[in-house]
Number of protein chains: 2
Amino acid sequence: MAPAYKLTYFDGRGVAEAARFLFKYGEVEFEDVRVKRDDWPQLKEKTPFGQLPVLEHNGKQIGQSISICRYLAKVVKLTGNDDWENLEIDATVDTINDLRQKISAAHWEQDAEKKKKLRETLLNETIPYYLQRLEAQAQKNKGYLVLGHLTWADMYFTSGGTGFDQFVGSNTFDKYPTLKALREKVEALPAIKKWMEARPKTEF
Amino acid sequence: MAPAYKLTYFDGRGVAEAARFLFKYGEVEFEDVRVKRDDWPQLKEKTPFGQLPVLEHNGKQIGQSISICRYLAKVVKLTGNDDWENLEIDATVDTINDLRQKISAAHWEQDAEKKKKLRETLLNETIPYYLQRLEAQAQKNKGYLVLGHLTWADMYFTSGGTGFDQFVGSNTFDKYPTLKALREKVEALPAIKKWMEARPKTEF
């Protein structure tokens, strides 16, 4: 029988890797479809708003990576216990996404002069600002980002780690020991460890 | 007794207006705190990640406007009936937010030449692309964005409408009659109508 879920993205980790982490964590089977760049223009028209990832389930398809993760977190039981707890998770994920977008904007900037400036602001201001606060938050939450236990915020944070290493530098987390330990803890979960060894090796 | 909720934002609609719509819709009392620009630098340090809006409840404070709206939607019962339905709402809200961010980027661009270019792309490509698809989605959903009934996606969409008029043009929705009718329908809800008449008149 075909898996009940199909996740379509490019052949990379990017903004789909968090969803893959959640599938693997929960041992939920899914079809991991990786679209070739050449096939994208034709497929683009068939997606809800011209973007990937797209999740398919029960004949329906839907986009938006973070929304997909929130749904999968319910499937694999990595949510909070009440509405406020889920708000705390959601807000933390959105905050990490804010940082991700800033890193991404600096990385993909075409103008060399502007890119240099964006990168300086990122390394000297933005990243320390966010990571100091996330570090303090993790210290208050027994080494997790929220609620004192593993939630999908931790999976979202950790799944983006390799992109972090690549765009910002692999020693970035050395100054933030609680975040570093959190990442190592999530990466050591048997299902995640196995996936990180088995997954396709891609640039991004 | 003081209201159980306090919402702090600048003196404007911006990304806090959707939360205000939800409070008003559900007749949930809240303190509508509007920070003066002069007071912001001092307050900024006390917010979770240097941003507004911030929601306070039971002695806790939390940021991120869309996460706050998702929480309030549960409070005022404008969510879906199951996890997949809530995914459909979430994805639509994120899509509207993608469009909002693109409009905002064009509006606030400082370089005149670049701004002109961004605005052309916005008016000729981006906005038609998104609104055609949202229009089709609303046609399939009995005039609502998702699920064939009022959800917080409709509140989120409508609350941003005045910003839309202002940045893009008040006749933008004329080409999208289902979206236009949806907006009018939400604005005609008694609690929303009353709020739109009573709310502080601000530029943004």
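The text below takes up the basis of the model, then the domain, then the interface.

This is a predicted model, in which local features need pLDDT of at least 70 and side-chain atom pairs count only at pLDDT 80 or more, while totals for chains, interfaces and linings use all residues. Residues are numbered from 1 along each chain as its sequence is written, chains are lettered from A and ligands numbered from 1 in the order in which they are written, and side-chain values use heavy atoms, with hydrogens and water left out.

According to an unreviewed UniProt entry, the annotation "domain: GST N-terminal" covers residues 3-80 of chain A; such annotations may be inferred rather than shown by experiment. Over residues 3-80, chain A is 32% helix and 26% strand, with the end C-alpha atoms 27 Å apart; helices (H or I, at least four residues) and strands (E, at least two) are DSSP runs, numbered from the N terminus.

| Item | Value |
|---|---|
| Residues in contact (heavy atoms within 4.5 Å) | 34 of chain A with 34 of chain B |
| Buried area (accessible area, 1.4 Å probe, lost on being put together, summed over both) | about 3,200 Å² |
| Salt bridges (side-chain nitrogen of Lys or Arg within 4 Å of a carboxyl oxygen of Asp or Glu) | 4 |

Carbon and sulfur atoms give 58% of that buried area. R70(B) forms a salt bridge with D90(A), their closest N and O atoms being 2.8 Å apart. Among the elements of chain A that give two or more residues to the side touching chain B are strand 3 (54-57), helix 3 (65-75) and helix 5 (112-140), but helix 4 of chain A gives the most, with 11 residues.

Conventions. Buried area = accessible area lost by both parts, 1.4 Å probe.
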